Amino acid sequence: THRLLSPDFDHEKEYVVTVGEDLRNNFKDKMEHGVDIEGYTTKPCTVRILNQRTFVVTLTEGKKHQIRRMCVALFQRVKDLQRTRIMNIRLSNLPAGDYRPITGSELQTFLTQLKLPTPQ
């Protein structure tokens, strides 16, 4: 799990975020260029605005509560936050606490990206 979740490995993690108030005009640009959170500037990320209060953010770090802290620094309060993808694994609509098997080429790609041995 360390190799998967640690910010040291730069694996993409994608989230859908809903905030309490309409996003400001410069929100996307500021998020994408890095946000100062408590003396640390986050790495660049990508943001896709879905509507006035919802966006998709793709990070390569994933520090503790990073998205919430970035939003607070940009005067937004997170109402809902859902991880939708880690690397090549799409989580789809899994209920909280549920899981699904990772098999076939999806598993091979996942293990290769983690630089772990793949089953033969």
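Which residues line the second largest pocket? The legends below describe close-up views of a predicted model.

**View 1. Lining of the second largest pocket.** The residues around this pocket are L5, K13, Y15, L59, G62, K63, H65, Q66, I67, R68, L81 and R83. Two or more lining residues come from each of β1 (13-19), α3 (66-73) and β6. Helix α3 gives the largest share, 3 residues. Sorted by class, the lining holds 5 nonpolar, 3 polar and 4 charged residues. The volume of the second largest pocket is about 180 Å³.

**View 2. Lining of the largest pocket.** The space in the largest pocket comes to about 210 Å³. L81, Q82, R83, T84, R90, L91, S92, N93 and L94 form the lining. Strand β6, which spans residues 78-86, gives the most to this lining, with 4 residues. By class, 3 of the lining residues are nonpolar, 4 are polar and 2 are charged.

View 3. The relative accessible area of Q66 is 2%; residues under 20% count as buried, so Q66 is buried. Leaving aside residues up to four places away in sequence, Q66 touches I37, T42, L59 and E61.

**View 4. Polar contact between Q66 and E61.** The side chains of Q66 and E61 make a polar contact at 3.0 Å.

Notes:
Residues are numbered from 1 along each chain as its sequence is written. This is a predicted model: local features need pLDDT of at least 70, side-chain atom pairs count only at pLDDT 80 or more; totals for chains, interfaces and linings use all residues. Side-chain values use heavy atoms; hydrogens and water are left out. On a 1 Å grid over the protein atoms alone, a cavity is a set of points where a 1.4 Å probe fits but cannot get out, and a pocket is an open set with protein on both sides within 12 Å along at least five of seven lines; lining residues have an atom within 4 Å of a point. Grid points are joined across faces, edges and corners, and a volume is the space filled by probe spheres set on the points. Ala, Val, Leu, Ile, Met, Phe, Trp, Tyr, Cys and Pro count as nonpolar, Asp, Glu, Lys and Arg as charged, and the others, Gly among them, as polar. Buried means under 20% relative accessible area, exposed over 50%, partly exposed in between (1.4 Å probe, protein chains only). A polar contact is a pair of N or O atoms within 3.5 Å; within protein, one must be able to donate a hydrogen and the other to accept it, and residues adjacent in sequence count only if both atoms are side-chain atoms. Contact means heavy atoms within 4.5 Å.
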